[in-house]
Amino acid sequence: MRRKLAAGNWKMNGSNAALAEIAALAAHPAQSEVLICPPATLIAAAVRAASGAVMIGAQDCHASASGAHTGDIAAPMLAEAGATHVIVGHSERRSDHGETSAQVAAKAAAARTAGLTPIICVGETAAERAAGRAEEIVTRQMLESLPADSDATLIVAYEPIWAIGTGDTATTDDIAMMHRALRAALSEHLGVEAAHKIRLLYGGSVKPGNAREIFAVADVDGALVGGASLTASDFGTIIAALDQA
Ligand code: PGA
């Protein structure tokens, strides 16, 4: 049985005041795993606010463990700050910073070496979907973004780029088809047993109003939530929907 995961990605939002939202989530223990990925500056304080009831992750890491990389943060540093997970290859990193799938795979490998669980993000553009190439492109992107020593401890998040922050979500049929295709590709690549254990999250405008419908889709093991993870009230509603799915 795969444990469900509600992961929040705060992106470049949040401040010390926002830690109260994490404390509020921590006060309502869930059956699902709950993870918040705040900006790196808030990780250590977020871990304290979470009091062990909510896991805290990061939004990116460097592929090297240390070195001359001004402004970057290494995976062991995130682990030392108390992070347990790190998002890698988010479409905003791929577009804002030109990250390639090979770089994402190297970051995921660095995360695993540091004891962090990578959440590897993949997703197609609107034009790729319109051209009927979404499954082919996303499957290839995922396989190219997996670290060489992949096993069942990593997490994959399918986030159609056109659904992120737009209020548009993929249809439940599209989500089901993509998750089935990704699970099949993982089975072929890592073997059925490992592929069956890997959690596949959906991301892209998951909100309190659509969470129940999305979590009912086969092969959806949770969500990566941006905007709606910023407040404990919205994210709490999404977590409750996941608990009931
Ligand atoms: P959104 O972001 O929920 O605000 O669409 C999701 C994400 O980018 O992870």
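This is a predicted model: local features need pLDDT of at least 70, side-chain atom pairs count only at pLDDT 80 or more; totals for chains, interfaces and linings use all residues.

Trainee: What makes the radius of gyration agree with a compact globule?

Mentor: For 245 residues, a compact globule would have a radius of gyration near 18 Å, and this chain has 17 Å, so the two agree. The C-alpha trace spans about 45 × 45 × 35 Å along its principal axes.

Trainee: And how much of the chain is buried?

Mentor: Buried residues make up 50% of the 245. As for the surface, the chain exposes about 10600 Å², and carbon and sulfur atoms supply 53% of that.

Trainee: Now residues. Why is alanine 111 called buried?

Mentor: The cut-off for buried is under 20% relative accessible area. Alanine 111 comes out at 0%, so it counts as buried. You'll find it in helix H5, residues 101-113.

Trainee: Which residues does alanine 111 touch?

Mentor: Not counting residues up to four places away in sequence, alanine 111 touches Cys61, Ala75, Val86, Leu116 and Pro118. Leucine 182, by contrast, is 71 residues along in sequence and 22 Å away in space, C-alpha to C-alpha.

Trainee: What about valine 54: buried or exposed?

Mentor: Valine 54 has 6% relative accessibility, so it counts as buried. It sits in the loop between helix H2 (43-50) and strand E3 (55-58).

Trainee: What is valine 54 in contact with?

Mentor: Leaving aside neighbours within four places in sequence, its contacts are Ile22, Leu25, Ala26, Val34, Leu35 and Ile36. Leucine 35 is 19 residues from valine 54 in sequence, yet their C-alpha atoms are 5.7 Å apart.

Trainee: On to charges. How many positive and negative side chains are there?

Mentor: There are 18 positive and 26 negative ones, and the centres of the two sets lie 3 Å apart. Side chains of opposite charge can pair when their charged atoms come close. The salt bridge count here comes to 18.

Trainee: What makes glutamate 124 and arginine 129 a salt bridge?

Mentor: The rule asks for a side-chain nitrogen of Lys or Arg within 4 Å of a carboxyl oxygen of Asp or Glu. The closest N and O atoms of glutamate 124 and arginine 129 are 2.7 Å apart, and that passes the 4 Å cut-off.

Trainee: Are the two partners buried or partly exposed?

Mentor: One of each. Glutamate 124 has a relative accessible area of 0%, so it is buried, whereas arginine 129 has 23% and is therefore partly exposed.

Trainee: How do you know that arginine 183 pairs with aspartate 219?

Mentor: Their closest N and O atoms are 2.8 Å apart, which makes a salt bridge. The pair links distant parts of the chain: arginine 183 is in helix H8 (residues 172-190), and aspartate 219 is in the loop between H10 and E8, 36 residues apart. Arginine 183 has 8% relative accessibility, so it counts as buried.

Trainee: What is the phi of aspartate 219?

Mentor: It's positive, about 75 degrees, although the residue is not a glycine. Serine 205 also has a positive phi, about 55 degrees, and isn't a glycine either. Serine 205 lies in the loop between strand E7 (199-203) and H10, and with a relative accessible area of 8% it is buried.

Terms used: Residues are numbered from 1 along each chain as its sequence is written. Side-chain values use heavy atoms; hydrogens and water are left out. The radius of gyration is taken over C-alpha atoms; the globule rule is 2.2 Å times the number of residues to the power 0.38. Buried means under 20% relative accessible area, exposed over 50%, partly exposed in between (1.4 Å probe, protein chains only). Accessible areas come from the Shrake-Rupley method with a 1.4 Å probe; for residues, only the protein chains shown count as cover. Lys and Arg count as positive and Asp and Glu as negative; His and the chain ends are not counted. The place of a charge is taken as NZ of Lys, CZ of Arg, CG of Asp or CD of Glu. Helices (H or I, at least four residues) and strands (E, at least two) are DSSP runs, numbered from the N terminus. Contact means heavy atoms within 4.5 Å.
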